[in-house]
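Dear colleague,

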Amino acid sequence: MSSGPHLFPSVETPAQPAVVPGRPTGRESKLVYGLVIFSSAFLLFEVQPLIAKLILPWFGGVAAVWAVCLVFFQTVLLLGYLYAHLLARKFPRRTQGRIHAALLAASLLVLPILPKSSWQPSGHEDPALYILWLLTLTIGLPFFLLSSTSPLLQAWYARSRPGASPYRFYALSNVGSLLALLIYPVFVEPKISSSHQAIGWSATYVAIAAIYGILALRRPPQSPGETPAAAPLPVTPRPAWKLQVLWVALAACGSALLLAITNHITQNVASVPFLWVLPLSLYLLSFILCFEGQIWYHRSLYLRLLVVALGGMAYAYSPAYSGLPLIVLLPLFCFGLFVCCMFCHGELARLKPDPSHLTLFYVMLSLGGALGAAFVALVAPRIFSGFYELAVALGGCMVLVHVVHSRNPTGPPTQARSPVVRLAFAAIVAAFLIVLVIVARQQEEQTLVSVRNFYGVLRVKDQGPDVVVA
């Protein structure tokens with residue numbers, strides 16, 4: 001989820017609202033809001049590898065454990081964004097603060113976030129559903145409230161400072177998330193025991209929850225020049241449903257690629273925090289770059305890189321290259337994931353709405369993230385007999401390239417509005433999808449039986465006089 005360019009540029013407004021006692025203003029409001037958003041995002045992503053590592057031995061140490069954990073994280077993120085959207089839209093200012101402060105106080109009752117030994121599975125449960133239940137009991141409410149922090153505080157900030165853009169707070173939250181992921185495998189995991197990590201995280205959460213609760217309760221009923229929270233914001237019309245569907249599709253594609261590529265990398269190596277954190281860090285880095293400003297994402301460049309990345313991953317996915325060493329496999333798929341996520345998240349940044357629809361935008365993003373994760377971790381193992389979700393995600397990315405380029409044909413090729421060029425572009429997309437189908441079918445050649453469950457795929461192949469179990 002760097003120092004780099006300034007995250008909070010000065011924004012001139014026609015008139016500054018009057019100072020209200022008990023309410024941060026100017027630089028102070030930016031500082032306080034930024035601190036809480038950054039700290040919440042840090043805790044949000046520090047707990048993900050921690051809790052997954054704690055329960056990993058309970059489920060055989062398979063790669064699917066991390067995938068299901070990501071489904072939980074994406075789903076609760078969606079619920080947190082939806083909660084922030086409804087709270088900011090439906091309730092008066094003081095009521096919002098009181099509701100949120102009460103939930104923060106209630107979340108302290110589930111601390112520390114250590115799974116009880118009595119919760120270990122007996123072996124008869126559905127592993128995926130049991131992991132979701134286990135995570136709900138352990139970190140459900142704290143994770144939910146941390147998830148709602150960024151959109152809720154951005155909504156409060158946007159209403160308290162008319163004309164100011166809150167979207168760079170989103171980049172700041174992703175900086176906190178990325179920093180947490182980078183620190184964990186290097187400094188936290190090797191040097192601190194898992195139980196001490198959980199206790200330290202819980203203590204830090206108490207401190208941040210206290211600051212957050214005070215900030216929520218100090219909110220005045222309404223300040224001069226501020227838009228009422230319970231009234232609709234008539235700044236711009238509500239985004240069309242087709243645009244909202246595109247938001248969901250782009251977010252879902254990035255999320256599905258994250259899980260599918262992580263699974264592909266860890267299946268043949270080991271399910272360890274470093275191989276979880278590396279793809280997730282690249283995923284978050286793409287969010288940071290795309291939402292920090294317009295200088296990082298250039299469609300013309302990334303469309304060209306996308307051709308290389310998708311083609312390289314498609315060939316590496318084929319059975320003929322299944323024996324590639326990790327030193328080749330890891331950079332290839334990490335580069336491909338980053339390029340694909342830069343495209344998906346760069347287009348999302350281009351399509352972001354007016355701040356009056358900020359929480360709706362984040363709800364659609366988190367909905368897409370949850371759908372993409374659920375497809376890879378929950379749906380694919382039940383409908384596919386092999387690991388075909390990566391091929392589906394790659395094909396979906398290529399289709400989205402065509403959809404986005406047709407909707408707004410800026411960038412290469414220069415004559416994008418020409419029917420001939422559009423037809424050629426569609427033919428390239430169709431050819432890529434056909435290649436993916438052929439590659440997937442190659443995996444089933446000479447296969448007598450193929451069975452898949454939570455723990456992996458079992459194939460029985462006919463190779464002449466001998467029968468091989470793969």
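Helix 11, which covers residues 358-383, has 26 residues and reaches 36 Å from its first C-alpha to its last, close to the 38 Å expected at 1.5 Å a residue. Please bear in mind that this is a predicted model. Helix 11 also has a kink of about 40°, and this kink is centred on Phe-375.

Helix 2 (residues 64-90) can be checked in the same manner: its 27 residues should span 39 Å at 1.5 Å a residue, and its end C-alpha atoms are 39 Å apart, which agrees. Because 22 of those 27 residues are buried, helix 2 is largely enclosed by the rest of the structure.

Turning to the aromatic rings, the structure holds 15 aromatic pairs. In one of them, Phe-72 and Phe-73 have ring centres 5.9 Å apart and planes at 70°, so this pair is edge-to-face. Both Phe-72 and Phe-73 are buried. The rings of Trp-201 and Tyr-205, by contrast, have their planes at 10° and their centres 5.5 Å apart, so that pair is stacked. Trp-201 and Tyr-205 lie four residues apart in helix 6 (residues 194-217), about one turn of the helix, and both are buried. One aromatic cluster is formed by Trp-66, Phe-72, Phe-73, Phe-143 and Trp-276.

Phe-335 is placed in helix 10 (residues 326-350), and it counts as partly exposed because its relative accessibility is 37%.

With best wishes

Technical notes: Residues numbered from 1 in each chain as written. Predicted model: local features only at pLDDT ≥ 70, side-chain atom pairs only at ≥ 80, totals over all residues. Heavy atoms only, no water. Helix = DSSP H or I, 4+ residues; strand = E, 2+ residues; numbered from the N terminus. Buried < 20%, exposed > 50% of the residue type's maximum accessible area, 1.4 Å probe, protein only. Expected span 1.5 Å × (residues − 1). Bend = angle between axes of the 7 residues up to and from the residue. Phe/Tyr/Trp six-rings, centres within 6.5 Å; stacked < 30°, edge-to-face > 60°.
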